[in-house]
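Here are my notes on the model you sent over. Have a look at the fold and the ligand site while you go through the points.

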Amino acid sequence: MRRPFIAGNWKMNLTRSQARDLAEDLAGRLEDLGDRDLAIFPTFVSLAEAADAASGRRLMVGAQDLWPEANGAFTGELSAEILASAGASIVLVGHSERRHVIGEDDALVARKLHRALGAGLDAILCVGETLEEREAGRTLEVVGRQVRTALDGLDAGPLARVVIAYEPVWAIGTGRTATPDMAQEVHAAIRGLVREIAGDEIADGMRIQYGGSVKPDNVDALMAMPDVDGALVGGASLEADGFERIARFEAKA
Ligand code: PGA
């Protein structure tokens, strides 16, 4: 069965010393959870610090974004190689704030995903519809297009290192979570699409996380859904007790 995967996206929060302290604290608290994957995504400047603090532990450390070239004249950007040299083993790609606040389109997100995998990083591909798209009945069309564009042209090896995070834009940072049934509907559709694109083995093995106002009090119900394999947690990942509780979600019956 799929190994559950709980990840904390720290976004633009925490100074270096705060990041080190929280990474150290979480690495210790979560060390006994051998049946699931756990990761944190600090800011770029705290990445090496957090990776040091978690070194030799179960907790993985990843980056929130990358630029899809190995090196060169890309002022302000970071390549997969540079991120790996700072201790990242995984990277977020196409987070909704990158798509909707910063303006990344599907084509750029696809380049980033391919580049990350090609450079040996694992990746979490984030997808999700806006409120307007949901209300227009376009959720599956939008999410389907995002998934298809990003996965197009990937072989089985790299595909097996992709995690998808379904994060409805209207649920991120709003306290408004998708119900477990709403999440399940979209997760099942994503898995169906991956099955079409890449076959049964990849589809059955692919982890699909839910993200958008995941909290200690709703994680168990979300994780009980058959196609919800994990969570990508923003706000609630900045506080050790809350994130630990989410990481210790009650496993499916
Ligand atoms: P949130 O963020 O948990 O604060 O809603 C989730 C995310 O953006 O990954």
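**Notes on the ligand site and the barrel**

1. Let's start with the ligand. It is surrounded by 13 residues, and the closest are K11, H95, E167, G173 and S213. Do keep in mind that this is a predicted model.

2. What is the make-up of the shell around the ligand, by class? Seven of its residues are polar, four are nonpolar and two are charged.

3. E167 puts a polar side-chain atom 2.6 Å from an oxygen atom of the ligand. In the side chain of H95, an N or O atom is 2.7 Å from a ligand oxygen. G235 takes part through its backbone: a polar atom there is 2.8 Å from an oxygen atom of the ligand. As for cover, the ligand taken alone exposes 280 Å², and the protein buries 97% of that.

4. On to the fold. Eight strands close into a barrel with parallel pairing, and the order runs β1-β2-β3-β4-β5-β6-β7-β8. From one strand to the next, the twist averages 25 degrees.

5. Which strand pairs with β1 over four bridges, in the parallel sense? That would be β8: residues 5–9 make up β1, and residues 230–233 make up β8. If you want a spot to look at in this pairing, A7 stands opposite L232 in β8.

6. K11 is not a glycine, yet its phi is positive, near 50 degrees. L14 has its place in the loop between β1 and α1 too. Its phi is also positive, at about 80 degrees, and L14 is not a glycine either. Why mention this? Most residues other than glycine have a negative phi. Recall, too, that K11 is among the closest residues to the ligand.

Methods: Residues are numbered from 1 along each chain as its sequence is written. This is a predicted model: local features need pLDDT of at least 70, side-chain atom pairs count only at pLDDT 80 or more; totals for chains, interfaces and linings use all residues. Side-chain values use heavy atoms; hydrogens and water are left out. A residue is near a molecule or strand if one of its heavy atoms lies within 4 Å of it. A polar contact is a pair of N or O atoms within 3.5 Å; within protein, one must be able to donate a hydrogen and the other to accept it, and residues adjacent in sequence count only if both atoms are side-chain atoms. Accessible areas come from the Shrake-Rupley method with a 1.4 Å probe; for residues, only the protein chains shown count as cover. Ala, Val, Leu, Ile, Met, Phe, Trp, Tyr, Cys and Pro count as nonpolar, Asp, Glu, Lys and Arg as charged, and the others, Gly among them, as polar. Two strands pair if DSSP finds at least two bridges between them. Helices (H or I, at least four residues) and strands (E, at least two) are DSSP runs, numbered from the N terminus. Axes are lines fitted to C-alpha atoms, for helices over the stretch in contact, and angles run from 0 to 180 degrees between N-to-C directions.
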